[in-house]
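Good morning, and thank you for coming. I would like to take you through one structure, beginning with a pair of strands and ending with the relation between the chains.

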2 protein chains.
Amino acid sequence: MADLQDAAPASSLAEVGEFGLIDRITARLPRLPGVIVGPGDDTAVVSAPDGRVAVTTDVLVEGRHFRREWSSAADVGHKAAAANLADIAAMGAVPTALVVGFGAPGGLPAQWALDCARGIAEEAAGAGAAVVGGDVVASGIVIIAITALGDLQGRAPVLRSGARPGDVLAIAGRVGWSAAGLALLEAGAEGPAELIAAHRRPEPEYQAGPRAAIAGATSMIDVSDGLVADAAHLADASGVMVDIDTGTDALAVTEAMQRAADLLGADPRSWMMRGGEDHGLLATFPAGVQMPPSFRVIGRVAGGAAGVVQVDGSAWTGAGGFDHYR
Amino acid sequence: MADLQDAAPASSLAEVGEFGLIDRITARLPRLPGVIVGPGDDTAVVSAPDGRVAVTTDVLVEGRHFRREWSSAADVGHKAAAANLADIAAMGAVPTALVVGFGAPGGLPAQWALDCARGIAEEAAGAGAAVVGGDVVASGIVIIAITALGDLQGRAPVLRSGARPGDVLAIAGRVGWSAAGLALLEAGAEGPAELIAAHRRPEPEYQAGPRAAIAGATSMIDVSDGLVADAAHLADASGVMVDIDTGTDALAVTEAMQRAADLLGADPRSWMMRGGEDHGLLATFPAGVQMPPSFRVIGRVAGGAAGVVQVDGSAWTGAGGFDHYR
């Protein structure tokens, strides 16, 4: 896909045209097994060997979810795909296919759209999924609406509602890195680089989802709204209380995170408790179960007040996650 | 779904909040068989009994695909769902599920979003499909990004590429009504009402798609870009020439269409040849095959120059369909 760069450098979408853009994108998409009909017809047709299909959709809007001055087009593509692929993984399913709705102004450089498409396709391929179709429309701002499909491989989906008192709470993936990276970008800082990179291009542990299902996870959720907010979604759906223990190794403040916090005069715990978009997989397992290697314990499930999240033994009173209209 | 109207009349999305809006929408979605996990988890899970799933996505953008002053929220919802459901039908598949990405400004009346969601759910239900999930984001303009899934019921998908010389060309559904309705709205006209209604709320013949597949259709396409443009897509994919005969009954100018043309000083044939968005199903059948009742012959498939569309024996030289960037 490295050669997905054949628009003349100065070409705009208006010059390339809707169908020209689609041709350039689809000509270079990798073909994967499981894709029965690829792009170019009224619909794609994808194998669903399980007889059930997991489906999720996420919309990214310029200025809300990304800024073109802060992220490359490929970064934005990777991030948009990751948000969807992580949701598939959080059901314990394996991603199979993406379809992509793309809106942009006619004046957008065609290369931006091609690079974004490349980022989406690369992130999908890394998770084993193919881009099988899409739609391109004119829009005043860049919009990326992705839908991901996944296969459950014969397993029951891992819902948010299965956590039971006595389960351990564990996470696979980063916590608060993306939020710290965003704060650094907002402040005009240029490092720590790994935090900024984590904001631009999250790296969810897709394989940890199906592995958690196989290991017997009782519940699972993709952390996209923030650790406490998504733990609350899980606690609410399961009718349990969740205790997060910030003294666990997995929630230790990393050296980079501490440096960023010192630089900005911020509290690194706030990024870790409230930050989303790292797309870590938060799961519960029965005590004593051998968890997949990516998962690290960060707390436990208790009875008590349903839907409540405690942090270090006290009910969380800080602000929760992100509400798009608040 | 008639009671999907419980936002206080003056509430904005910002007042109701992202999660409040989602709760209000999902609480009233009908549950259909085939939905294994509905809205509210990381993904939905939908039955895919065929072992393959048809998938398509379309994005509608305010000001491009609809105007809030010309269409009600429910109309917009119906239209957005129809564009996707018709693509599923055009593969010969049966729609099973939709997921909906919805972007809107915080100041949008919450009732508009609820009515739009109701329109989507009603159009889906009419085609046998359920709304199983979605995403709600803040956006400067209203964006509706829908992905539809469909089941092929054990049949081969009907591709664009199967037309053969000697086949008849036939259409199920309206031709040019939506374009005429749009022209009337643009001119500030209030009738003919059936044309304006057709623009606001297309009525694709979803069942005609699977029926065409069963009857042996060799190719099929949803007419969304315009009759000539979509016939050209089909001719191009199949490597054949397509002859459209405007003297056929199915392409007769209706009394309402003539009235609209007289009112606006327009050529009704232009609406019929170039207009999309009625989502008629354009298909080819081997000569002598008994077509499903919705289909009416409008021409034939010939050898000759691949990808060429002739209208009444002459290559079409008028402008084609719609390119979003041109």
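Let us begin with strand E7 of chain A, residues 168-172, which is joined to strand E10 of chain A by 5 bridges, the two running antiparallel. Two strands are said to pair if DSSP finds at least two bridges between them. Helices (H or I, at least four residues) and strands (E, at least two) are DSSP runs, numbered from the N terminus. Within this pairing, A:Ile171 has A:Leu282 of E10(A) as its bridge partner.

Before I continue, please note that this is a predicted model, in which local features need pLDDT of at least 70 and side-chain atom pairs count only at pLDDT 80 or more, while totals for chains, interfaces and linings use all residues. Residues are numbered from 1 along each chain as its sequence is written, and chains are lettered from A and ligands numbered from 1 in the order in which they are written.

Strand E8 of chain A, residues 219-223, is also joined to E10(A) by 5 bridges, and these two run antiparallel. Here A:Met220 has A:Ala283 as its bridge partner.

Is E10(A) buried or exposed? Of its 6 residues, 280-285, 6 are buried, so the strand is largely enclosed by the rest of the structure. A residue is buried if 20 or more other C-beta atoms, placed from the backbone, lie within 10 Å of its own, exposed if 12 or fewer, and partly exposed in between. Both faces are covered: A:Gly280, A:Leu282 and A:Thr284 are buried on one side, and A:Leu281, A:Ala283 and A:Phe285 on the other.

I turn now to the domains. Chain A is assigned domain 1 (13-151) and domain 2 (160-315), with bounds from an automatic or database domain assignment. Between them, 17 residues of domain 1 of chain A are in contact with 18 residues of domain 2 of chain A; contact requires C-beta atoms, placed from the backbone, within 7 Å. On the side of domain 1 that touches domain 2, the largest share, 9 residues, comes from helix H3 of chain A.

Finally, the chains. Chain A can be laid on chain B with an RMSD of 0.0 Å by a turn of 180 degrees and a shift of 0.0 Å along the axis. That is the relation of a two-fold axis. Copies are superposed by least squares on the C-alpha atoms of residues with pLDDT of at least 70 in both. Of the residues of chain A, A:Gly51 comes closest to the rotation axis, its C-alpha at 2.5 Å.

Note on methods: Two residues are in contact if their C-beta atoms, placed from the backbone, lie within 7 Å.
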